[in-house]
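Have a look at the picture first, then read the points in order.

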Amino acid sequence: MGEVLLGKVIVRGRIKLKTGLRIGAQREAVEIGGIDNPVIKDPITGLPYIPGSSLKGKLRSLLEKAKGLEPNRNIGTTSNPIRIHVCDKSYEDIKNCEVCRLFGTSGKGGDNFPARVLVRDAFLTEEFKNRWDDVVEIKYETAIDRITSAANPRAMERVPPGVEFEFEIVYNVEDESTKNVDLKNLFSAMKMLEDDYLGGCGSRGYGKVEILITDIVERTKDYYFGNKEENKLLLDENGVRVGDVLEKFDSIFGT
């Protein structure tokens, strides 16, 4: 059981923050005068980044809602449930679910289906790697008691608007008949993300992003054995809006 790898489609680009981004990190202790709500940072460089798991999870969530799929599995805990859609079916049946086929599933009552899409961690662009003082800010917020008017101030660390991250998403081509459906769903979820939010505190204005696609490359299986050149489907250093990619989808992917 399993799919044959026919090739890969690699999508690269930039995620530009339109409002502050907060993807939190846990801390075991808080120093005196320190921030108890830090953002996640690379342990080597100390610079903030966007985990691939956060980006992939958000894209999956948006596509699940758009397809009207029931969140039938709790991947969290009893006290803190996190419900997502997962097909607990046979391997062949899962292939008919556009969400599980693209993002994968680990079956409990059914089979496992490895994800066709791989989302890498997104790191700061070269421009912002050298601007440490500009890529993290402290935002102070205050919760007000509706009865006593007592204030409860808190300091939130976030990445400020204007900062850009480089991302890479790899799609494994395992079935030519569903390839373009999968890719269109992927780009559609990215477009939905622009009108939603990434990270936490989205209802309070955080996490609005703009996604710019700089290049799309298709590599067949023969490419990896040195028998064929890659096919550059799109190349634009300035970046193309993900909505524009969808509008030109048929011409880009030759449908």
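1. Buried means under 20% relative accessible area, exposed over 50%, and partly exposed in between (1.4 Å probe, protein chains only). Helices (H or I, at least four residues) and strands (E, at least two) are DSSP runs, numbered from the N terminus. The model is predicted, with local features needing pLDDT of at least 70, side-chain atom pairs pLDDT 80 or more, and totals for chains, interfaces and linings using all residues. Residues are numbered from 1 along each chain as its sequence is written, and side-chain values use heavy atoms, leaving out hydrogens and water.

2. Let us begin with α5. Its buried residues include Thr178, Leu183, Phe187, Met190 and Leu193. The end C-alpha atoms of α5 are 28 Å apart, which agrees with the 27 Å that its 19 residues should span at 1.5 Å a residue (the expected span is 1.5 Å times one less than the number of residues).

3. Now to α1, which has 15 residues and reaches 21 Å from its first C-alpha to its last, close to the 21 Å expected. Among its buried residues are Leu55, Leu59, Leu62 and Leu63. The buried residues of α1 pack against several elements, including β1, β8 and α5 (contact means heavy atoms within 4.5 Å). Gly68, with a positive phi near 70°, follows α1.

4. Which helix supplies the largest share of the lining of the largest pocket? That is α1, with seven residues.
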